[in-house]
Amino acid sequence: MAASIDAGIGAGLEVRGMHCERGQRVLIDALDFDVPAGSVLTVVGPNGSGKTTLLRALAGLTQARVRRVAWRRVPIALRSAAWRAQLAYVGHQPGHKDELTAAENLELACVLQGGPAEPADRSRVLDEMGLAARSQLQVKRLSQGQKQRLALARLALSQRSLWLLDEPAAALDVQARDLLATIVARHIARGGTALIATHDPIDLPGARSAQLCLGLAGALPPAAMHAPAEVLAAARSDVR
Amino acid sequence: MSADAVHAGAWAGLVWALRRDLRLAARSAAEVLVVLGFFFVAVTLFPLGVGPDPRVLRLIGAGVIWVCAMLACLMSLARLFAADFADGTLEQMLLSEMPFGAIVCGKIGAHWLTTGWPLMLCTPLVGVQFGLDVTEVGVLLLTLALGTPVLSLIGGIMAALTLGLRGTGALLALLLLPLYVPVLIFGVGAVDAYSAGLGIEGQLSILGAELIVALVGAPLAAAAAVRIAID
Amino acid sequence: MTEWLAMGGYAGYVWGSYSVCAAAIAIELWRLRVRRLGALRAARIEAEAGIAG
Amino acid sequence: MAWIYRYASPATFYPVAGVLAPWFMAAAALLAGLGLYIGLIAAPTDFQQGDAYRIIYVHVPAAWMSMLIYIVMAIYAVLYLTFNTRLSAMMMNALAPTGAMFTFLALWTGALWGRPTWGTYWVWDARLTSELILLFLYFGFMALNAAIEDARRADKAAALVAIVGVVNVPIIYFSVQWWNTLHQGASVSMTASPKMASIMLSGMLVMGLAAWMYAIGAALKRVQTIIVEREVGADWLRRHLGDNAQVGRVA
């Protein structure tokens with residue numbers, strides 16, 4: 001079974017017997033893993049090993065059979081409103097409308113994901129992302145880097161406790177990667193939990209993290225919890 | 001989630017989607033005008049094809065206007081989900097706490113306000129082409145008011161089902177037009193009954209019944225269809 | 001026999017209907033067979049490739 | 001509910017379908033032979049319509065089957081969406097082409113029957129018009145199914161269309177019925193012909209049974225093909241093909 005650091009910190013996410021299929025191929029079979037609250041589980045593995053499918057299945061976007069899922073020791077159904085109230089999912093797509101301005105996109109996103117309603121919080125995050133000056137511009141006029149930071153702003157405003165991030169660092173420039181790291185670190189510090197599917201793990205100083213390797217032959221048991229430095233080394237070497 | 005919290009969530013979802021889609025439609029007003037342009041062109045073709053004889057045009061007027069309204073609605077259905085499906089916002093709606101069915105209801109409402117409603121505003125202009133007098137146009141507007149929401153509601157289901165497919169224009173028409181037949185029959189039936197001096201309560205009540213059934217069933221079916229498309 | 005074939009003058013319609021029904025069923029069965037053999041051949045090729053691969 | 005998964009798995013059903021299909025086809029041939037004998041030879045000539053009425057021995061069964069098959073497809077659709085058993089989706093897809101064929105035959109024979117009886121090939125009769133719209137529903141179902149590559153999504157989308165369709169079929173029928181009576185008054189409807197002599201009725205019932213047997217047989221044969229197409233990589237299929245390869249007989 002997956003080792004958890006110690007019972008002191010409340011149990012976060014428990015998944016038992018997850019089974020995911022994509023077309024004919026069985027990607028994940030009988031997968032059990034735990035993600036204690038306030039920690040990060042990095043999901044690594046070659047392309048096509050089911051990283052995206054695992055995250056989308058957890059988010060309830062794709063259908064998957066799972067024997068049991070518990071959040072803070074309370075069993076929960078993947079597609080229920082209670083579960084949706086806990087999670088935020090960031091996929092490969094931008095998730096904003098080009099015809100609307102950055103401010104409008106954020107306002108809509110906040111109502112959708114139950115984020116802070118006050119404009120003050122939103123403008124503060126826009127400042128932090130360096131988008132304050134262009135917040136009234138239509139998104140289609142922003143550069144690729146600015147669009148990426150808008151997506152990060154939406155994530156920064158999320159108050160959900162479980163984050164499912166699918167390749168968040170892909171195609172980010174160096175500055176955006178640091179922003180992403182600080183946002184995720186702040187989320188973990190607040191006691192939040194995150195599952196990040198990625199090829200090059202994000203450098204999260206001080207955050208407790210574990211690793212789940214999805215090989216083409218199905219999931220390997222998650223490595224024991226240990227300091228992030230070892231994880232980064234292990235992740236890079238293992239990726240086939 | 002207590003019962004009233006669910007109601008609040010549902011209402012908030014509907015209003016959120018309605019305001020959002022109306023703002024998006026306002027930003028790209030061209031799309032709405034294109035649909036109206038199509039409606040005008042399609043309706044004008046019939047007198048050119050059938051001939052200018054006023055007696056004939058009066059007979060077929062209501063039918064032609066109704067069929068062209070259905071086709072115009074069909075044209076604009078792609079706008080309902082396709083853009084949001086492509087840029088990932090539809091996924092975020094699925095993940096919202098607010099019930100997805102309510103959000104879909106709001107989107108379909110916005111689609112009706114940007115297609116059904118403008119079509120009704122143009123109907124008096126087009127009615128003149130077919131020599132319909134003011135009262136007949138009035139009855140026609142009444143049937144369109146009851147009927148065009150049904151076109152958007154059932155259209156929403158099929159638009160969601162054909163998300164992400166290529167060449168959905170003809171497929172949407174093939175899936176939808178058979179299901180539009182009852183609305184067409186009773187919509188035009190009311191106008192014909194009125195012109196023949198008969199009562200129109202029967203036709204309007206049936207149109208109303210169809211609207212209620214569609215209002216209850218369609219958003220849920222469309223929400224399920226979106227889940228199937230995103231799966 | 002010929003009088004039965006004439007169908008009281010409606011031969012064209014009666015035999016027109018029956019012949020089209022027979023033809024439709026024949027076409028469907030034939031297409032079924034073609035599709036089945038194609039599927040089996042593809043599966044067999046996949047099977048050999050699977051073993052060899 | 002475990003048994004539903006065991007029996008409903010395509011692998012176990014494939015041989016079962018293979019065994020059953022020939023029996024249904026044989027039953028269909030037998031019944032059709034009997035029905036044709038009754039209809040074309042034993043049944044007397046109709047005093048009003050002459051021998052043209054004999055078309056009902058194919059027209060009415062085809063119309064029955066076109067409606068019955070669509071309803072059975074909708075039932076499989078509901079089963080698939082609730083129990084997620086892939087086999088019900090395969091049966092639903094297997095039935096659609098046969099249902100569309102029967103609908104087309106009902107329209108074709110209806111037109112050929114209309115010509116001598118009412119003087120025109122196409123009569124805007126409520127039943128014929130609803131039959132035509134049913135044909136469009138079948139085409140819509142098959143077109144959507146073909147338009148989606150991913151089999152699972154195609155099944156789910158087509159299942160939803162079948163359910164939405166079956167809910168609308170009665171609404172369409174009654175609105176067309178109302179529309180037809182308004183515009184033409186009560187025209188002679190297709191099958192309300194004079195009281196059927198018992199032998200005529202039995203001929204029609206036998207042909208109806210034959211059509212039913214044929215539909216099941218065709219669906220079983222087609223579902224076998226769909227199973228093979230979908231389970232291409234599966235090992236049970238590889239073993240199955242393997243044994244038959246040695247024996248040299250076509251599976």
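Begin at the second largest pocket of this predicted model, which has a volume of about 610 Å³. A pocket here is an open set of points on a 1 Å grid over the protein atoms alone, where a 1.4 Å probe fits, with protein on both sides within 12 Å along at least five of seven lines, and lining residues have an atom within 4 Å of a point. Select Arg31(C), Arg35(C), Pro97(D), Met142(D) and Arg222(D), which lie nearest the centre of this second largest pocket among its 24 lining residues. Helix 2 (11–52) of chain C gives two or more residues to that lining, as do helix 4, helix 5 (126–147), helix 6 and helix 7 of chain D.

Next, go to the largest pocket, where about 980 Å³ of space lies. Its lining has 30 residues, and Glu21(A), Arg65(A), Asn84(D), Arg86(D) and Arg152(D) are those nearest the centre. Strand 1 of chain A gives the most to the lining of the largest pocket, with four residues.

Finally, select helix 2 (residues 10–42) and helix 7 (residues 198–230) of chain D, which pack at an angle of about 155 degrees with their axes 7 Å apart. That angle makes helix 2 of chain D roughly antiparallel (over 145 degrees) to helix 7 of chain D.

Residues are numbered from 1 along each chain as its sequence is written, and chains are lettered from A in the order in which they are written. Local features need pLDDT of at least 70, side-chain atom pairs count only at pLDDT 80 or more, totals for chains, interfaces and linings use all residues, and side-chain values use heavy atoms, with hydrogens and water left out.

Key: Axes fitted to C-alpha atoms, helices over the stretch in contact; angles between N-to-C directions. Parallel < 35°, antiparallel > 145°, perpendicular 65-115°, else oblique. Points joined across faces, edges and corners; volume = space filled by probe spheres on them.
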